[in-house]
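Q: Can you take me through this one? I'll ask as I go.

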Protein chains: 2
Amino acid sequence: MSVHERIQPESTEISSHEVGEFVAINGISCQDSYRERFETLFKGRAHAIDRAPGFRRMVVLKPIKLGGDYLVVSFWDSRAAFESWSRSPEFLEGHRRGFEDVRAAKERGEAPPMTSRMEIYDVLCE
Amino acid sequence: MSVHERIQPESTEISSHEVGEFVAINGISCQDSYRERFETLFKGRAHAIDRAPGFRRMVVLKPIKLGGDYLVVSFWDSRAAFESWSRSPEFLEGHRRGFEDVRAAKERGEAPPMTSRMEIYDVLCE
């Protein structure tokens, strides 16, 4: 190990060990009438994602602003790890109850109870 | 400790110990010409926030989408802890270089090199 390597700041190591290098944020807009159900589903989530290769952690954020979006923030080793998860059968199973709610609303000719928008990021630093 | 308390899921404890109960996300829109400077400032940040009471951790996210916003995500014990920090002299000092860049642009009659928008959240679950 060279002197240069030894003086690297520790924060780089924390970044790679604790939050990974890649973050996906799913912003979820909920109808007011669906918020309680949405929160119940997430609090009782299956935790299947916790066993996905390259997954580090996730946190679900509830907006303080009235009518704001919920954010589902997940931390990954890499973009490839996230994309593997999002194509997996476990992903579909983990989202089954929410997807069913959306489909049922569609079948009743109603607007979807929630809509979502995914944004992706690299971790710049901690 | 009652039986009921002992069977609480561990995730509740992880939430309160590692990411806290409150999250602030500062979304920063940068002019393309300012992105390199913005990243340099954050990578060399003073870390004054790390010593703020009630601070848990932060992560700076770089958008993968062209022209997207950077996100500065900070995790706190409480909203009060975050608000104390945002009113502190250390907050001003920590943002000094960025604030100076914005003021200098204004003095030259130019558009600000970056604009920001703060959103705040409670941690619903992990």
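Q: Which residues have the most contacts inside the largest nonpolar core?
A: L61(A) and L61(B), in a core of 40 residues. A nonpolar core here is a set of buried Ala, Val, Leu, Ile, Met, Phe, Trp, Tyr and Cys residues joined through C-beta atoms within 7 Å. Buried means 20 or more other C-beta atoms within 10 Å of the residue's own, exposed means 12 or fewer, and partly exposed is in between, with C-beta atoms placed from the backbone. This is a predicted model, in which local features need pLDDT of at least 70, side-chain atom pairs count only at pLDDT 80 or more, and totals for chains, interfaces and linings use all residues.

Q: What is L61(B) in contact with, leaving aside neighbours within four places in sequence?
A: From chain A, V23(A), Y121(A), V123(A) and L124(A); from chain B, Y70(B), L71(B) and V73(B). Contact means that the C-beta atoms, placed from the backbone, lie within 7 Å.

Q: OK, the interface. How many residues does each chain give?
A: Chain A gives 23 residues and chain B gives 23. On the chain A side, the elements with two or more residues in it are α3 (35-43), β2 (55-63) and β4 (114-125). By class that side has 15 nonpolar, no polar and eight charged residues. Ala, Val, Leu, Ile, Met, Phe, Trp, Tyr, Cys and Pro count as nonpolar, Asp, Glu, Lys and Arg as charged, and the others, Gly among them, as polar.

Q: Which strands join across it?
A: β2(A) is joined to β4(B), residues 114-125, by four bridges, and the two run antiparallel. K62(A) has D122(B) as its bridge partner there. Strands pair if DSSP finds at least two bridges between them.

Q: What's the fold within chain A?
A: Six helices and four strands, in the order α-α-β-α-β-β-α-α-α-β. Helices (H or I, at least four residues) and strands (E, at least two) are DSSP runs, numbered from the N terminus. β1(A) pairs antiparallel with β3(A), residues 70-76, over seven bridges, and N26(A) is partnered with V72(A). β1(A) also pairs antiparallel with β4(A), over nine bridges, where I28(A) is partnered with S116(A).

Q: Where is confidence in chain A lowest, and where highest?
A: Lowest in helix α1(A), residues 3-6, at a mean of 42, and highest in strand β1(A), residues 22-30, at 97. That is pLDDT, the predictor's confidence in each residue, from 0 to 100. Over residues 1-16 of chain A it is below 50, and that stretch has eight contacts beyond near neighbours in sequence. The chain A mean is 86, with 87% of residues at 70 or more.

Q: And for the complex?
A: The predictor gives an ipTM of 0.83 and a pTM of 0.84.

Key. Residues numbered from 1 in each chain as written. Chains lettered and ligands numbered in written order. Contact = placed C-beta atoms within 7 Å.
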